[in-house]
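Student: Could you walk me through this structure? I am new to it and would like to ask as we go.

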Amino acid sequence: INTAITFALADAKIILIDADLRKPKVHMCLELENNTGFSNYLAGFSELDEVIQHCKNGLDVITSGQIPPNPSELLVSARMEKALNELAKSYDYIIIDAPPVNIVSDAVSMAKFATGVAIVVKENFTTHDALKKALSSLEFANAKILGFILNDVVATKGYYSKYYKYRYRYRYGYKYKYSHNDENSYSKSNADKKN
């Protein structure tokens, strides 16, 4: 989010997509509505222009939308490729926030659509083994690694340490279980919205 905002403040035309369709956070951080979003577009229940939200700082955002029963399939669908091709006509940069590489395969699968991948590394949390595994998975998918973003840095001494009181704590974990009823309720609620 900070990277996207930085580009927007530098007068770049930029859009941020929350493609974490399992445990989305972008809408909470930016205080945006998330009733309709990227999953709704990918599933065919909304059009692209209907899911774009505009922030005050010049940043455009597509939130995740409703949590679908089949996120991996949606993120490698023809509509995913179509969305990125359409957005590329209007924006200088498209930043996609994806779930952690080592937990689910979504980020690796989406890598084929991206010009490059920046790996977010959390200080005092990400292990060397986890980082090696992530790099190996992305390299196997022929992803171009742009570099690393180190976050959650703790500055205990010095002039700039006062800025770190604004750190945002983020935990990631999965406990998902989809039942037949969950799928029906997802499909039904979106079908109702479409009609």
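This is a predicted model: local features need pLDDT of at least 70, side-chain atom pairs count only at pLDDT 80 or more; totals for chains, interfaces and linings use all residues.

Student: OK, how many salt bridges does the structure hold?

Tutor: There are four salt bridges, a salt bridge being a side-chain nitrogen of Lys or Arg within 4 Å of a carboxyl oxygen of Asp or Glu. One of them joins Lys-13 and Asp-60, at 3.7 Å from N to O. Lys-13 lies in the loop between helix 1 (2-9) and strand 1 (14-18) and Asp-60 in strand 3 (residues 60-62), so this pair ties together parts that are 47 residues apart in sequence. Helices (H or I, at least four residues) and strands (E, at least two) are DSSP runs, numbered from the N terminus.

Student: And is Asp-60 buried or exposed?

Tutor: Asp-60 is buried, at 6% relative accessibility, whereas Lys-13 is partly exposed at 41%. Buried means under 20% relative accessible area, exposed over 50%, and partly exposed in between (1.4 Å probe, protein chains only).

Student: Which residue does Arg-22 meet in a salt bridge?

Tutor: Arg-22 meets Asp-106, with 2.8 Å from N to O. Arg-22 sits in the loop between strand 1 and helix 2 (26-29) and Asp-106 in helix 7 (residues 106-110), 84 residues apart, and both Arg-22 and Asp-106 are buried.

Student: Changing topic, how many disulfides does a search of the whole structure find?

Tutor: The search finds zero disulfides, where a disulfide is a pair of cysteine sulfur atoms within 2.5 Å. As for individual cysteines, Cys-29 is partly exposed at 35% relative accessibility, and Cys-55 is buried at 18%.

Student: Now the sheet: in what order do the four strands come?

Tutor: The order is 2-3-1-4, in an open sheet with mixed pairing; two strands pair if DSSP finds at least two bridges between them. Strand 2 (52-54) and strand 4 (93-97) are the edge strands, each pairing on one side only.

Student: In which sense do strand 1 and strand 4 pair?

Tutor: Strand 1 and strand 4 pair in the parallel sense, over five bridges, and Ile-15 stands opposite Ile-94 in strand 4.

Technical notes:
Residues are numbered from 1 along each chain as its sequence is written. Side-chain values use heavy atoms; hydrogens and water are left out.
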